[in-house]
Amino acid sequence: MSDDDGTAPRIGRRLLLAGATAGLTAELARTSLSPASASAGSAPPPAQLRRYENKVVVITGATSGIGRAAAIAFAREGAKVGFCGRRESLGLQVEREIRAAGGTATYIRSDVRVPAQVQSFVDRVAQLYGGLHVALNNAGVQLVKPLHEMTVAEWDDTAHTNTRGVFLAIKYEVPHMKRSGGGVILVTGSANEFASRPGLGAYSASKGGVTGLVRTAALDYGPDRIRVAAVSPGTTDTGLVDARRPPNVNDEQWAALKAQYGAANVDALRRMARPEEMATAALALASPDMSFLTGTSVLVDGGMLAGL
Ligand SMILES: NC(=O)c1ccc[n+]([C@@H]2O[C@H](COP(=O)([O-])OP(=O)(O)OC[C@H]3O[C@@H](n4cnc5c(N)ncnc54)[C@H](OP(=O)(O)O)[C@@H]3O)[C@@H](O)[C@H]2O)c1
């Protein structure tokens, strides 16, 4: 079967940009996939450094995906990690996993849309572990819907989670970091800060808002020795993507589809990222090696936006 006859199973380019899964379900419905067409691709595990020995790290949204991988990675490098998310059983599972590996971590159930819960989460972690040095404000949701079909409640939920949730986290983290003599605040942005896809109006606007927050917070708190930056992933194989899986697709088919999607859409590296690769980027940006990096978004997209 060749592409020329128009019958070949193909994943259209740019259907899923920077974690945006718009169109993927529709594509699946009219695409039959061979698992043999998948190229998994992977990267070596991060080096076993101890850059965060006794540093206190808070992470929002670490019950799954990028946040979970970051909680594990920070703890592996010696950090005391406090993390949140709404799904309690998953949060406790991540906590157990980190502790079983000899790390230090505490899960606190918290919803980033609720100011009192964010404040309580941050305060409790700082009190429990003694200060605050690094934050990864990562919690996020994605809505795929044309603007005219979107309810105001749906818009608000995306904005409240992805943008207001970051504002709230920064608001409550900064006083602790000032008391600790400085720190690093990272936010999980998105390639959608820079480009978009149909149906991603609320998501792209929310991530664009993150860009503005990062720049301004860097200016506000630079004098306090607090660096602020965004880690901005391209499409990454997490629950955000798996939420688009249609019910009639089995595990093998879904894995093959994601691999084929990555090959077709991530122009340089030809695959989706693994959440661990975003965690590695976050740890690198938060480290003292990056002491002059602030007020910017660092795109980690496998070269997805490099291609036309
Ligand atoms: N995957 C991608 O392709 C991609 C690309 C670019 C950017 N990103 C960004 O990466 C971040 C992490 O997403 P992911 O890809 O790792 O997907 P994920 O596996 O779905 O993780 C999202 C995390 O955010 C948490 N969360 C969502 N709403 C929350 C709320 N109201 N309060 C507290 N926690 C909340 C979730 O926990 P609970 O559900 O337990 O609350 C979960 O831990 C997001 O900001 C996303 O926009 C992802």
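The model is predicted, so a local feature needs pLDDT of at least 70 and a side-chain atom pair counts only at pLDDT 80 or more, while totals for chains, interfaces and linings use all residues. Numbering starts from 1 along each chain as its sequence is written, and side-chain values use heavy atoms, with hydrogens and water left out.

Let's begin with helix α5, residues 152–179. Helices here are DSSP runs of H or I with at least four residues, strands are runs of E with at least two, and both are numbered from the N terminus. From first C-alpha to last, the 28 residues of α5 reach 39 Å, close to the 40 Å expected at 1.5 Å a residue; that expected span is 1.5 Å times one less than the number of residues. Even so, α5 has a kink of about 40° centred on H160, the bend being the angle between axes fitted to the seven residues ending there and the seven starting there. After α5 comes G181, with a positive phi near 90°.

T163 is also part of α5. Is T163 buried or exposed? Its relative accessibility is 17%, so T163 counts as buried (buried is under 20% relative accessible area, exposed over 50%, partly exposed in between, with a 1.4 Å probe and protein chains only). Apart from neighbours within four places in sequence, T163 is in contact with T158, S206, G209, V210 and L213, where contact means heavy atoms within 4.5 Å.

Next, look at how α2 (residues 65–76) meets α9: their axes come within 8 Å and cross at roughly 55°. That makes α2 oblique to α9. Axes are lines fitted to C-alpha atoms, for helices over the stretch in contact, with angles from 0 to 180 degrees between N-to-C directions; under 35 degrees counts as roughly parallel, over 145 as roughly antiparallel, 65 to 115 as roughly perpendicular, and the rest as oblique. The crossing of α2 and α9 is right-handed, meaning that the near helix is turned clockwise from the far one by less than a right angle. The residues that meet include G65, I66 and A69 in α2, and P275, E276 and M278 in α9.

R225 is not a glycine, yet has a positive phi of about 65°; R225 sits in the loop between α6 (201–221) and β6 (226–233). With 65% relative accessibility, R225 counts as exposed. R270 likewise has a positive phi, near 65°, and lies in the loop between α8 (251–265) and α9 (275–286). At 48% relative accessibility, R270 counts as partly exposed.
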